[in-house]
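Let's take a friendly tour of this structure together. Keep the 3D view open as you read, and look for each residue as it comes up.

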Amino acid sequence: MFPKIDGERLWASIQDLAKVGAYTDSVSGLVGVNRLALTDADRDGRRLVRGWFEAAGLEVRVDRIGNTYGVRRGRRRDLARIMAGSHIDSVPTGGAFDGCLGVLGALEVVRTLNDAGLSTDRDLEIGFFTDEEGARFGTDMLGSATACGRLPIETAYGLADKDGTTVKGELERIGFLGPAPERVTPPAAYVECHVEQGPILATRGRDLGAVVGVQAISWYELTLEGKSAHAGTTPMGLRKDAGLVASRINVELHRMATSGVYGAEMRATMGRFDPVPDRVNIVPGRVICTVDLRNPDDAAMARAEADLFGFLKALAAETGVAITWRQTAQTHSVKFSEVVLSVITARMEAHGLSYERILSGAGHDAQEFAAICPTAMIFVPGLYDGISHNPREYSTPEACARGVQILCETMLELSKT
Ligand code: GLV
Ligand code: MN
Ligand code: MN
């Protein structure tokens, strides 16, 4: 009674999109994807996918933050629609699946319904959201957070990358500053299929994951101001070495995350570390670095942040290196809808698939929609320990097809009135 999605067509679309922004990784030698948000590569990927939306007969619109939607009309325009989507921007060292599986999976659902000549009661809407990664403009889920009301559009427009180039300027430049209002009307439900990006499903031998929520995320940009000096002549005791201070912060982050004090699942990462002047024989006078904290428990996250601030103040007093920080992203832990999850798991059971209820370690556009409508996600296992944000990221054609088949059936079930 449910149509079968075309796994080969889905796989071909994933591979075709992965050619846009393809690069050879200097560390691994593997071919990965670099489609940082609002770059030329992202523009080219957007054009390709928007063209596919149009070719599938969708009514396409681009909103004022560059989110791009396609609507497949149902029989009942008086009813709220069912949405599915994700993102097609990537980190600079990405793979083919992160985000793209959800967008191209939703497109595959539409193509499947078109081929089968099936109409739905409710409208179906699919989309891709601007800068989910946050790897360029410093805050994640930028487009979906704006669409769902967490982030004011003027704040989003004003964000700038390392070179001072703004979101609004880049949207204009690449031709994706659309006219449609950025705030979405809440759909009846939102569903997102995504690669897991972690080891749990593969380790436990599960076919798929039913995602029950997303853990809290908190990002900071730190500026450490010391004094640059000659590496050969400046006695160790006379230094204000911002590089050393950044290293001590990084060691403390590791200690905190592995201490168990903030729960077994705390994660902490210093992903960016930019010393100035960045030369072999100069003590770094300034460092800009970042902190990424994750925790499933909001209260534990708040304690970790407070303790980190205390550490930073004490470290500044001890070393004479001034430390300032600003929060660049914050989302609390999110719980998905048991109603949507029950549809997802019923469809998995109907196929005899093994699944795990799983909390997402990564941030997703779905968590923004969870604030405005019943929402849940389907995870597809990855290979090689589920490695992601790395060109090695991989999931099999069969696993992707399985996840998108469940996405299709879930959307059809939810669209019934
Ligand atoms: C998004 O990929 C994240 O950083 O969780
Ligand atoms: Mn993603
Ligand atoms: Mn990602």
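## The cavity

In this predicted model, the largest cavity holds about 30 Å³ of space. A search of the whole structure finds one cavity of 30 Å³ or more.

Which residues line the largest cavity? You can pick out Asp89, Ser90, Val91, Gly94, Gly95, Asp98, Glu133, Ser388, His389 and Glu393. Sorted by class, this lining has five polar, four charged and one nonpolar residue.

## Aromatic pairs

Now turn to the rings: there are 10 aromatic pairs in the structure. One of them joins Trp11 and Tyr394, and it is edge-to-face because the ring planes stand at 80°, with the centres 5.9 Å apart. Trp11 belongs to helix α1 (residues 7-18), while Tyr394 sits in the loop between β18 (375-380) and α12 (397-415), so this pair ties together parts 383 residues apart in sequence. Trp11 is buried at 18% relative accessible area, whereas Tyr394 is partly exposed at 29%.

Phe53 and Phe128 also pair, with ring centres 5.9 Å apart; their planes are at 50°, so the pair is tilted. This pair links distant parts of the chain, 75 residues apart: Phe53 in helix α2 (residues 40-55) and Phe128 in strand β6 (residues 124-128). Phe53 is buried, with a relative accessible area of 0%, and Phe128 is buried at 1%.

Ring pairs also link Tyr69, Phe129, Tyr190 and Phe369 into a cluster.

## Charges over rings

Where does the charged end of Arg46 sit? Look over the ring of Phe176, 4.9 Å from its centre. Arg111 lies over the face of Trp52, 5.6 Å from the ring centre.

Key
Residues are numbered from 1 along each chain as its sequence is written. Chains are lettered from A and ligands numbered from 1 in the order in which they are written. This is a predicted model: local features need pLDDT of at least 70, side-chain atom pairs count only at pLDDT 80 or more; totals for chains, interfaces and linings use all residues. Side-chain values use heavy atoms; hydrogens and water are left out. On a 1 Å grid over the protein atoms alone, a cavity is a set of points where a 1.4 Å probe fits but cannot get out, and a pocket is an open set with protein on both sides within 12 Å along at least five of seven lines; lining residues have an atom within 4 Å of a point. Grid points are joined across faces, edges and corners, and a volume is the space filled by probe spheres set on the points. Ala, Val, Leu, Ile, Met, Phe, Trp, Tyr, Cys and Pro count as nonpolar, Asp, Glu, Lys and Arg as charged, and the others, Gly among them, as polar. Rings of Phe, Tyr and Trp (its six-membered ring) pair if their centres lie within 6.5 Å; planes under 30 degrees apart count as stacked, over 60 as edge-to-face and the rest as tilted. Helices (H or I, at least four residues) and strands (E, at least two) are DSSP runs, numbered from the N terminus. Buried means under 20% relative accessible area, exposed over 50%, partly exposed in between (1.4 Å probe, protein chains only). A charge sits over a ring if NZ of Lys or CZ of Arg is within 6 Å of the ring centre and within 35 degrees of the ring normal.
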